[in-house]
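This briefing is for a reader who is new to the structure shown below. It begins with one term, then goes through the model by topic.

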Amino acid sequence: MARFVPRQRKHKVLAREKAKENARHDVQDTNQQIVPANKKALEDKRAQTKAEICQDGVKVSGKKAKRLEKYIDNKLRKDENRDLLAKLAARKIDTSLFTSSKSLGQGRETKKQALSRALREKRAGIEGECVDEVLLKRRGPGQIEEDSDETDNSEDGDSEPVAKNSSYSYVSPLPVPAEPASVTSAVVGSGLKRPLELDEEGRPIIKKRQRRGGVPTKVQAAIATLSAVPDGLEYEEWHGFGSDVESSEDDDSSEHVNSVGEDSEEDSGEGSTSKETSDDDSMDEDNEGEDKAQRSSAFKAWAHQQRNKALGYQPAGMSVATFTTPRPDSFVPRAPEQDPLPAELEPTTETERKAYSVAVVRSPEIQAARLKLPIVSEEQRLMEAIHNNDIVVICGSTGSGKTTQVPQFLFEAGYGSANSPTPGMIGVTQPRRVAAVSMSRRVAEELGDGANAVAYQIRFEGSVDAKTAIKFMTDGVLLREVAQDIALRRYSAIIIDEAHERSVNTDILIGMLSRVVKLRAEMAREDSSLQPLKLIIMSATLRIEDLTMNPTLFPKAPPVLEIEGRQHPVTVHFSRRTHHDYVEEAFRKISRGHRKLPPGGFLVFLTGRNEIMQLRRRLQAAFGGVRTAEGPSVQIPANEAPVEVEDIEFGDVEDYAEGEMDDLPSDEEEAEQEEKEFHVEEDQQAGPSNMHILPLYSLLSTREQMRVFEPPPDGSRQVILATNVAETSLTMPGIRFVFDCGRCKERRYDGLSGVQSYHIGWISKASANQRSGRAGRTGPGHCYRLYSSAVYERDFAEFADPELLRMPIEGVVLQLKAMNLQHVINFPFPTPPERQSLARAEKLLAYLAALSAEGQVTQVGKTMSVFPLAPRFARILLVGHLHDCLPYTIALVAGLSAGEVFVPESQAVPALAVRDGADFRTNADVVAEDRQANARKMFVEVHRNFCFLDERSDAIKLLQVVGEFAHEPTEEWCERHFVRFKVLKEITQLRRQLTELVRLNIPSFSGLKFQDKLPPPSAKQVSALKQMVAAGFIDQVAIRADLAPNPPEQHRKPRRAMDVPYLPLTPTCTTVVQESGGGDGLVYVHPSSPLAHLSTEELPEYIVYAYLQRSDDAKRPKTRMHALTAVSGGQLAALAKGTPLVGYGKPIKEVKAGVDSRECWVVPYLRAEGMGGGLGWPLPAKRVTQRRVPGKGWVVV
């Protein structure tokens, strides 16, 4: 018969295999790896050993060489192991005296533990009375049996005093069988913690556990044993049991463990009855373990007491053998742990500062509004941090109230008060003028009776006086004060607000103030009258790693205090589709929202003035409101764009990614979604029917900008159309709904070529959150984003790049050099610029004679740093005194450094309404065409008159505008002449400031006075002014391409002056040009320049330009020059003399020869420094004087 084989169940086999796989795991070796010696040291030792073994000149075979290498490896390994063993032996620790952690918390040690400890200490050579007392004990003839009993029961936690005897012997650890002992009866229950209830016969009543078979309890067995003791039996040597009455409370846990063991022993001796009750015992023990421990402990204490009384034994008092662990000499006990106190309750470290406060009386309405801000509840924590630290970083999201409340906290704590320990002013910087003005007014309103202590200071405007304690200002104003007083003695605290925007001035301020704080602390230690400066940096985002984690900026990281964010919730609504025409989408969404949303103001974010005015006209036509003079409604190409970023229009931008169109919702779905997103309240009421529309952008006057803070007329909804100027620092009352296009215009600058371009691009996620936060400043709000969530996640960066990385920094370098900072790269920038950018900036300053060849600032450079101008304009100003041109030079420099003065033709000339080809021309169309033609004719005539002094220089044209405005400074004149009144007003104020600075800083002009109305300059002065302008931009020059040494190929002859190509001295074929698709390196005249109206033959050979601007025309992108003036080749040679831009060829004719000097005719060559290839552009021959210099040859002097 075949052998039976059990059938294999498939699922069981798979289960076993899976269990084996799960059981496999790699065991990580936790032993510390001993790192071998240094690799180089091993190689040296190996070479030394080989040199000792091998003999000089003895050749060995390859096989022997391998054996030798193996022998050396083994020898080195053995030596290394021997060294390691020696080190380990030196650090060997005797662990024989270590004790287990289970004895921690035990009140006293048992006899068994004491004996074990004494034996270990004896073997270790530790002598002491305690050791001898335990090991050598006096014992009687029957005490060995007693000791064995006590040893067995030593785990009960009962220790007995050791008696002395005349004979000494070592205690044997082996157990000795104990003889049964009998005791006399005593009072039942007197030894219990809780006295037992007694029955009629005087026996204790104890609740019995329910057991089958009627097994007698332990109490009954013990009482029976006690009653069976004969009366005449005596125990002379019996010392009784140790009393647990006193120590029962301390030893409950140990007695519970031992009582369980005794129960098991007694139950095992019950015979067959224990087998019958084993199942019930296990169940009862599970359910009644806690009760059993209490009953056993109580009975044990009572039994011990009764037995001792029967024997006449009086136990000694509670003796606890304290076990002390040997401690090394260097042992330091650890401090008890406790939860740290909150920061506001910890004692201040600045104990020398006296308490001081300023009482401020506010109206109940203002106080109630302040208490709703999250930052008010953090005042104690903030002020303690400011008192204890010189530098503090505060992170508070939009709506926390940090901008208005932190200056008030400081003011109430005594900062800025004349009689306080910190009498200096509180300086608050803002990146924008409108924010500085509006915040100063708000804080003055909240301070109540202290409103006179608040003032503001912006460029050309301010309200600071002797009573000022809180000064709001732009960051540029504080930069000028740092340059004049590096210690800022007038201030006791500086607040840098909106640090997350990372503007150039903000970054430089933070770097400078990080050193000013250290300087003031050192000065305060030497002069008690001067207090340390407090620096508070406030940011609306948590992008502060560049500040707090920058050891160059702050060697010790400043404390960062996070404040609760927006106090009102804002619901964000994304569009399901991202429309490329976001202005049209904004009009559609605003129109629907105005009809459906409840009362509340609208804030609409757009990219520039043109879009704002276009949308404003459409909304006014649809919903009414305040109407102003009509303007154009056109889009212009980027090559006609002015300098102001917000005034550039680039046309449509396609935002759809590949494959994004497939999932776009239908119009019905969009309509249904909008119905839901515009239903924001349960019982929603319709809003007002009219609109009160207000623009907000940087070119608006301060008076017009302040209108956004005024309440709208009754029955109208306030609608504010703004650029990103409203993104931060402003709290406009009544704004509940924000419409965000998600875009902005930004300027990109290529430092290599000097080309700047304007692009409409996506904002960052941080900026999007800032915009949405505008809706939650005064109440719950909603933000409607005109883009999808997919675009937000895919195309939006977390944060925008710091402005310092996107702008030219020669002005920053000059300011730092003027402060005697030799190596600018060592300045503590929050985000350091590239070394190439710093090198280019120093090279330009060398061209302008602001730096010497060694990189040291010259006297000219120090004087240039005094003026609030770019280094190029400051250089023009310093050479402007020739031919009595200084007043004209000041006016010219003021005009060049200001914003865009001229209104572009696209805005000045009204546009015609778009008509279909089939429509008939009406009388209204004819009137509109005539009005457009007349406006264009007037525009051309005005600009022709502005070129009266010189028709080939943009700089002289600007000078004439400034001069004419001084004779009639009115808004009506500006409207008739298509110029901006606000910009010209700032130019006039800058003229006054520059005149005063020249008078104070240049001794030869100490008697200079400001001339408001200037007479027309002479022809000689005009020529001198053109050369002065060229001196400031000597490296930004271009030559006509057809007159260049190597003219580029042209496919057709240009017909207009704006199409004539020029070659710049610095090539433009760089990153910006290559990204946009143009790589010819040619530049063209801007259409707004007077040169654009000349014929192609009349264009000059050389043009000096202010900057290059890249257009955004996708078909034929061009780089346009914003020209300054035309110059001749001879003027270029004279202006570039002494700079690395000009070089000289060999003499073509000697006039006067000498040994060490000569006069000759040479050909100058103009070439950009560092650009290889060729001699450059040949300039007209020039008569020069040359001197022989050893090692250099003939040098032009």
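A residue counts as buried when its relative accessible area is under 20%, as exposed when that area is over 50%, and as partly exposed in between. By that cut-off tyrosine 787, at 0% relative accessibility, is buried. The model is a predicted one, and its chain has 1197 residues, of which 44% are buried.

**Confidence**

- The chain has a mean pLDDT of 77, with 73% of its residues at 70 or more.
- Strand β10 (residues 491–496) has the highest confidence, at a mean of 95, and helix α9 (residues 272–276) the lowest, at 41.
- Over residues 144–189 pLDDT stays under 50; the model has 102 contacts beyond four places in sequence for this stretch.
- Residues 626–665 also stay under 50 in pLDDT, and for them the model has 108 contacts beyond four places in sequence.

**The chain as a whole**

- The secondary structure consists of 37 helices and 32 strands.
- Among contacts with a separation of 6 or more, 73% are between residues 24 or more positions apart.

**Strand β17 and its partners**

- Strand β17 (residues 735–740) has five of its six residues buried, so it is largely enclosed by the rest of the structure.
- Strand β14 (residues 601–605) runs parallel to β17, and five bridges join the two.
- In this pairing leucine 603 stands opposite valine 738 of β17.
- β17 also pairs with β20, again in the parallel sense, over four bridges.
- Phenylalanine 737 has histidine 782 in β20 as its bridge partner.

**Aromatic pairs**

- The whole structure contains 16 aromatic pairs.
- One of them joins phenylalanine 574 and tyrosine 787 edge-to-face, with 6.1 Å from centre to centre and 70° between the planes.
- Phenylalanine 574 belongs to strand β13 (residues 570–574), while tyrosine 787 is in the loop between β20 (781–785) and α24 (789–795), so this pair ties together parts 213 residues apart in sequence.
- The relative accessible area of phenylalanine 574 is 25%, so this residue is partly exposed.
- Tyrosine 787 also forms a tilted pair with phenylalanine 796, at 5.0 Å centre to centre and 35° between the planes.
- One aromatic cluster is formed by Phe574, Trp762, Tyr787, Tyr792 and Phe796.

**Charges over rings**

- Arginine 618 places its charged end over the ring of phenylalanine 587, 4.0 Å from the ring's centre.
- Over the face of tyrosine 1084 lies lysine 1118, at 4.7 Å from the ring centre.

**Alanine 766**

- Alanine 766 is part of helix α23 (residues 765–773).
- The relative accessibility of alanine 766 is 15%, so it counts as buried.
- Beyond its neighbours within four places in sequence, alanine 766 is in contact with Thr541, Glu798 and Phe799.
- Between the C-alpha atoms of alanine 766 and alanine 797 the separation is 8.3 Å, and the two residues are 31 residues apart along the chain.

Technical notes:
Residues are numbered from 1 along each chain as its sequence is written. This is a predicted model: local features need pLDDT of at least 70, side-chain atom pairs count only at pLDDT 80 or more; totals for chains, interfaces and linings use all residues. Side-chain values use heavy atoms; hydrogens and water are left out. pLDDT is the predictor's confidence in each residue, from 0 to 100. Contact means heavy atoms within 4.5 Å. Rings of Phe, Tyr and Trp (its six-membered ring) pair if their centres lie within 6.5 Å; planes under 30 degrees apart count as stacked, over 60 as edge-to-face and the rest as tilted. Buried means under 20% relative accessible area, exposed over 50%, partly exposed in between (1.4 Å probe, protein chains only). A charge sits over a ring if NZ of Lys or CZ of Arg is within 6 Å of the ring centre and within 35 degrees of the ring normal. Two strands pair if DSSP finds at least two bridges between them.
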